[in-house]
Amino acid sequence: MKRLIDGSERRFEPFSYAGFLKVSILVIFIFFTHPVFTSFAGDEGGRFRGDNDRERRELRAVRVDTPPEIRGNMSDPAWKKAYVATGFHQYEPHNDREASFQTEVRILYDDEAVYIAAKMKDPNPDSIYTELGMRNSGNNLNADQFWMDLSPYDDGQNVFRFKISASGVQTDINLAGGGRRGDVNWDAVWKSETTVTDEGWIAEMAIPYSALRFPGRDIQEWGVNFWREIRRYRETSSWNFVDRRVGDDESFMGLITGVKGIDPPLRMSFHPYVSGYVENDAAYGGWGNTFSGGMDVKYGIDESFTLDVTLIPDFGQVQTDEKILDLSPFEVKYDEQRQFFTEGMELFNRAGLFYSRRVGDEPTGRGDVPVEKKETEMISENPRETSLINATKLSGRTDGGLGIGFFNAMTAPSYAKLTDTITGDTRRVETQPFTNYNMVVFDQSLRNNSFVSLANTNVAGAVDGYTANVTGTEFRVQDASNMYRVSGTGALSQQYFSDADNIFGYKYDFSVGKFGGTFQYNYSRFAISDDYDQNDLGFLRRNNLVEDEVSFSHNIFSPFWRVNNLSNTLGVEYERLYDPRRFTSLRLYYNFRVTFDNQFFIMIRSGHRPDGRRDYFEPRVPGRRYKTEQETDFSLSYSTDYSRRVYFDGGINFKRVLSCSNEEIEAGFSVEPTVKVSDNFNFSYGFEYNKREGNIGYVFHEDSETVYFGRRDMPTLTNTLGTTYLFNNQAALDLDLRHYWSRVDYDGNYYLLEEEGTLDPLGRDLQVDDINYNAFTIDLAFTWEFAPGSQLSVVWKNIIDSEGHLLRENYFDNLNHIVGQPQINSFSLRVLYYLDYQQIQSFAGRTL
């Protein structure tokens, strides 16, 4: 046994776990590198070997003097001049076969745009799926689809995807890097039409150069791939073969040749808006109304770089956050919903330093407003968010593959208003001063879809006399096969105070291994110093961590029996504090994923901590820890065939924690059926129940030097209802309703946390308040895209956020209670109009 600095004993860390980790790495390394074992892997010498070496396909684009009319039927004579791309190969389910039906693609271009026509042949056109959806819903649409991935720099990383469904629904995505999900919030303005015929269906697209970024060369060669989805077969196929085992689709692109003599146009567009709100916030008074206007501006500085500016932005209609009750010592991370901060942000995600919700967040001093006259003074106004003055982002990539991004945002000072209830006098208290947020990024593309980047964030003014600065890097190096990879990040945080010592910290992580093919394996390390903090403009759940992980998986990509694909993963995680280097946990895990030929999907995750966990954060006191003896977790999630009229998503979860003669059981389940009444109308209902029985956690007490824990039951129930009715591809009515109800019921058993991390029964009741928390939200929105890039939206939002101490056992009694609680009701109308400089210039020329 090794005696630690604080006198406690470490029984397992020096030999058992550290040794086990080293042996695991050695065994896996031998298994996957020794010729005796690699002969079974199938990656070398198997039927896919020739596929990796297939010749890159090319399609020559033809210039036309008169552009084809986009009708969706290929009736324009110009299409007869084009070369034809055929011979699609399946991507899934059978990656080694030709596509079931023939597809023909043609490309034309002129000085203004590139034009694509695709004929998808199908012997049963009445079986083509044609579900309607709003713009950018293609990833979740139950419809046959065709799309083009276009890489104007032919680097396999900066890729634009233009997708059209058989029902005419447009989706465009900025993929910004091989294998990533990309930015679906990127909105280009382009034209498309589709028609279902007796032979299948036809799609036509016209993509103006103003929607693209491409180098200023006389001769252009663009990376490209064409894709088709036959929805009823769940079959996806591509023109240029893509090896699904690699997991990096953009590294298998073909080439467009023959494009020459085109100039990148002046890219400038304006998005002016006007909006009006009628709102009632019961917590701070009655009804009020506001009217505002502003503008978003996009300006193409040159062929590669774009400047985006939002002036006096309005984000009042964004989706309401799905709030939860969290008793942990960590912050809850909510998704970004504001379009300016979700569109075109790919560069700013490098090194994991940027969390846009910090901009316009809750004022830093909102929860600490000083009330001088506690008997007569009350807080009459206290804004929940800081007011954003403007935000700017500049991004692009040079011909040499250097990506550059700059972001700036400013928020106005925020004030709380206090009112004397007797005299009526008011005064203001500043809750956050004027604040400036900045980020700059440099990202260099390398061969084989590799890259290296440098990023810096800076925040000044959030607190008087305080500046936060974080500098980081990220890299990825892959071999020519795109299967072997080394990647990592690193960052240094600097916090400067005018009246205190400055604080510096750092983090780093790296991983190395084989990330494609039948057998995959990797080793990774993640380390964060105890002084590292990026939360002024980033998100970090916790610091003071060192984690080593090794994993290996076996993947089957070719269908067999009733199985489309299958994956098994084994791994081990070994965690400890950064300072002091104390063992915190070792977790063994196994994950399983399978998709059957009827599209039934199952995911299983399981893990076991044989020696429990040493938790140094739950006690809320530096140096103290809470020790569990053993932990086991299991979860199963599933989904059925989304092409059915009725399909289901759901799952179950279970966790068992042993600690100090106590057993905590957490169990839950969820089910969410979705009903597609027609191609225009669908609705879904979600029900989720989870209960933590016998949970032990920290409880607050006035005696700050003594740490107390309490035993409690924590049932949580969530109901959701979502429905969408589409009038057509441009207009829809959406309803999202959510009721989250969580309770914390202390059973009267309280404990004193001992120095070694065990619990000693207290023998008295601390009378900690129970918690009855409700979050009830309604978002009802009518959206109409009345012109390309232009939108009218009418939104009603109802928000109830209620926390009390009287537990209610009956669901309907609880529901009846919260209906009478203070709530926010908001009705709003917003009109956004798209103006393109080229269109304005053309219109002016015709008029004059």
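## Close-up views of a predicted model

**View 1. Arg625 contacts a backbone oxygen.** The Arg625 side chain comes to 3.4 Å from the backbone oxygen of Glu756. A polar contact is a pair of N or O atoms within 3.5 Å; within protein, one must be able to donate a hydrogen and the other to accept it, and residues adjacent in sequence count only if both atoms are side-chain atoms. The model is predicted, so local features need pLDDT of at least 70 and side-chain atom pairs count only at pLDDT 80 or more, while totals for chains, interfaces and linings use all residues. Residues are numbered from 1 along each chain as its sequence is written, and side-chain values use heavy atoms, with hydrogens and water left out. Arg625 sits in the loop between strand E34 (614–615) and strand E35 (626–627). Helices (H or I, at least four residues) and strands (E, at least two) are DSSP runs, numbered from the N terminus. Arg625 counts as buried because its relative accessibility is 7%. Buried means under 20% relative accessible area, exposed over 50%, and partly exposed in between (1.4 Å probe, protein chains only).

**View 2. Strand E8 is enclosed.** In E8 (residues 145–151), 7 of the 7 residues are buried, so the strand is largely enclosed by the rest of the structure. Gln145, Trp147, Asp149 and Ser151 cover one side, with Phe146, Met148 and Leu150 on the other; all are buried. E8 runs antiparallel to strand E9 (residues 160–165), joined by 6 bridges. Two strands pair if DSSP finds at least two bridges between them. Opposite Asp149 stands Arg161 of E9. With strand E13 (residues 219–230), E8 pairs antiparallel over 7 bridges. Here Trp147 has Trp227 of E13 as its bridge partner.

**View 3. An open sheet of 5 strands.** The order is E4-E6-E7-E12-E11, with mixed pairing. Strand E4 (62–63) and strand E11 (191–197) are the edges, each pairing on one side only. Strands E6 (residues 103–109) and E7 (residues 113–121) are antiparallel and share 7 bridges. Leu108 has Tyr115 of E7 as its bridge partner.

**View 4. The largest cavity.** The whole structure holds 1 cavity of 30 Å³ or more. On a 1 Å grid over the protein atoms alone, a cavity is a set of points where a 1.4 Å probe fits but cannot get out; lining residues have an atom within 4 Å of a point. E26 supplies the largest share, 3 residues.

**View 5. Aromatic pairs.** The whole structure has 40 aromatic pairs. Rings of Phe, Tyr and Trp (its six-membered ring) pair if their centres lie within 6.5 Å; planes under 30 degrees apart count as stacked, over 60 as edge-to-face and the rest as tilted. Tyr506 and Tyr578 are edge-to-face, 5.7 Å centre to centre with 90 degrees between the planes. This pair links distant parts of the chain, 72 residues apart. Tyr506 is partly exposed at 33% relative accessible area, whereas Tyr578 is buried at 18%. Tyr811 and Phe812 also form an edge-to-face pair, because their centres are 5.4 Å apart and their planes lie at 85 degrees. Phe812 is exposed, with a relative accessible area of 61%.

Terms used:
On a 1 Å grid over the protein atoms alone, a cavity is a set of points where a 1.4 Å probe fits but cannot get out, and a pocket is an open set with protein on both sides within 12 Å along at least five of seven lines; lining residues have an atom within 4 Å of a point. Grid points are joined across faces, edges and corners, and a volume is the space filled by probe spheres set on the points.
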